[in-house]
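Trainee: I would like to learn how to read the pockets, cavities and helix contacts of a model. Could we go through them one after another?

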Amino acid sequence: MSMPPMPRRTGYAVLAALAAVVILVSTAIFIGLGGDNGGSDSRAQGARGSAAPASAGAWVGTWSTSAAAAEPRTLRGGPSGMSIRNVVHTSIGGTSARIQLSNFYSNRPLTITHASVALAAAPSNPTAAAGTMRRLSFNNRTWVTIPPGKAATSDPVRLAVPDAADLLVTTYTPQASGSVTYHPHARQTSYMARGDRTEDTAGSAYTQQSPYWRYLTGVDVWSKQAEGAVAVLGDSITDGITSTAGANHRWTDFLSERLRSEPGAPRFGVLNQGISGNRVLSDGTQFPPNNPSGLSRFDRDVLSRTGVKAVIIELGVNDILRIPHQTDPNRIVWGLKRLTEQAHARGLRVIGATLTPFYGHRGYTPRLDAVREQINAQIRAGRVFDEVVDFDKALRDPISPLRLRPMFDSGDHLHPSDDGYRAMARALNLDHLRGRTAAEL
């Protein structure tokens with residue numbers, strides 16, 4: 001039996017009620033994401049994909065590093081009864097902060113019973129600036145247990161985080177929890193103290209220095225100005241292994257400086273996902289693999305980062321130089337193309353770097369350098385990435401193009417000096433970061 005037609009006035013009322021419900025649900029979803037405390041990699045990824053326009057505020061990555069390996073000599077258990085105060089340098093500021101902790105390289109649960117974040121009173125200093133110490137929680141608890149191979153994101157805390165500032169992120173673990181997930185080449189001094197000194201504002205108890213970042217893999221800020229973040233996948237050149245320690249002179253730091261200071265530059269956070277010795281195709285040893293390949297870690301280290309809007313890839317030299325040498329340029333190019341395709345699947349454009357000179361390095365041979373040149377020819381021809389940053393041209397000696405320019409050479413004839421890292425940042429066309437549509441390759 002057919003129903004009588006609904007009066008027009010009643011129909012309008014129903015539509016209005018439905019619209020109101022949609023608005024309420026949308027608002028609840030937005031508020032839930034804004035206060036997302038995360039609990040795993042997937043939750044962090046969800047926040048990234050649902051970032052609101054910058055004018056309304058959004059979570060964006062201001063700092064990150066890649067979990068690179070299990071810290072040696074911690075297989076039977078990491079430091080127990082110790083406070084670990086990681087010192088990290090922000091790229092972009094915000095009004096609230098949250099962190100990500102990783103237990104990727106342990107086969108045992110990691111329990112953090114106390115965690116905090118604060119601004120450093122001075123660069124590379126374990127003392128907190130007055131009034132900035134904040135206790136962190138996880139799903140409204142002051143502790144978190146992270147399963148093996150997983151990560152956890154803290155609840156957000158109100159904290160005025162400046163651009164280009166040092167943050168102190170401190171964790172306390174009362175008991176040994178298996179292998180420590182760490183990043184070995186931080187180029188930054190962090191600190192350790194005996195006992196629970198997590199919320200100590202004074203740094204006097206932090207008498208043990210460390211060149212590592214432990215457990216901490218990301219810091220996000222809530223920003224109304226940021227347009228997003230650029231994630232940089234790379235090897236030791238991106239890791240900044242020969243940059244001045246504590247000076248924030250990696251090429252990604254110089255890029256962040258350009259993004260903050262140049263008129264018209266996009267307001268992007270810069271996320272350094274470099275791992276020294278990293279390759280496109282091959283993982284390291286053990287399981288899970290130390291130094292996972294660019295292909296195997298791309299989702300974890302790039303696509304799951306908060307607010308990523310652009311990707312830069314600087315990889316390939318180690319595939320050539322490290323044993324077993326990959327001497328087929330097409331294999332390396334294939335891997336770089338697969339990375340580009342993964343980014344395209346998320347609607348992200350990719351800026352790819354040419355491979356830099358290494359004449360004079362202990363691993364140099366004419367045959368290996370010919371592989372590099374063949375890869376660069378395909379990159380420059382536009383067959384691999386959406387856009388190209390020509391690091392080879394930026395760093396090579398104009399008189400002897402197979403080698404680094406002397407002022408850009410750290411001394412090992414492979415890794416740049418601080419001046420070389422600055423030249424790399426200058427070589428990038430900032431307009432390429434604004435691309436919205438993946439190119440047809």
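This is a predicted model: local features need pLDDT of at least 70, side-chain atom pairs count only at pLDDT 80 or more; totals for chains, interfaces and linings use all residues.

Trainee: What is the volume of the largest pocket, and which residues lie nearest its centre?

Mentor: The volume is about 390 Å³, and of the 22 residues that line the largest pocket, Ser276, Gly277, Asn291, Asn318 and Arg322 lie nearest its centre. When the lining is sorted by residue type, it divides into 10 nonpolar, 9 polar and 3 charged residues.

Trainee: Which element gives the largest share of the lining of the second largest pocket?

Mentor: In that pocket, which holds about 330 Å³ of space, the largest share comes from H4, with 6 residues. The lining has 27 residues, and the closest to the centre are His89, Asn248, Arg250, Thr252 and Asp253. At least two lining residues come from each of E1, strand E3 (82-89), helix H4 (251-261) and strand E18 (268-274), and the whole lining divides into 9 nonpolar, 13 polar and 5 charged residues.

Trainee: How many cavities does a search of the whole structure find?

Mentor: A cavity differs from a pocket because a probe that fits inside a cavity cannot get out, whereas a pocket is open. The search finds 4 cavities of 30 Å³ or more, and the largest cavity has about 110 Å³ of space. It is lined by 15 residues, with Gln100, Gly218, Asp220, Arg305 and Thr306 the closest to its centre. Strand E1 (58-64), strand E4 (94-102) and strand E16 (216-223) each contribute at least two residues to this lining, which divides into 5 nonpolar, 7 polar and 3 charged residues.

Trainee: At what angle do helix H7 and helix H8 pack?

Mentor: Helix H7 (residues 329-345) and helix H8 (residues 366-380) pack at an angle of about 40°, and their axes are 9 Å apart. Because of that angle, H7 is oblique to H8, and the crossing of H7 past H8 is right-handed. On the H7 side the contact is made by Pro329, Asn330, Ile332, Val333 and Leu336, and on the H8 side by Val371, Gln374, Ile375, Gln378 and Ile379. The residues of this contact divide into 7 nonpolar, 3 polar and no charged.

Definitions and conventions: Residues are numbered from 1 along each chain as its sequence is written. Side-chain values use heavy atoms; hydrogens and water are left out. On a 1 Å grid over the protein atoms alone, a cavity is a set of points where a 1.4 Å probe fits but cannot get out, and a pocket is an open set with protein on both sides within 12 Å along at least five of seven lines; lining residues have an atom within 4 Å of a point. Grid points are joined across faces, edges and corners, and a volume is the space filled by probe spheres set on the points. Helices (H or I, at least four residues) and strands (E, at least two) are DSSP runs, numbered from the N terminus. Ala, Val, Leu, Ile, Met, Phe, Trp, Tyr, Cys and Pro count as nonpolar, Asp, Glu, Lys and Arg as charged, and the others, Gly among them, as polar. Axes are lines fitted to C-alpha atoms, for helices over the stretch in contact, and angles run from 0 to 180 degrees between N-to-C directions. Angles under 35 degrees count as roughly parallel, over 145 as roughly antiparallel, 65 to 115 as roughly perpendicular and the rest as oblique. A crossing is left-handed if the near helix is turned anticlockwise from the far one by less than a right angle, and right-handed if clockwise. Contact means heavy atoms within 4.5 Å.
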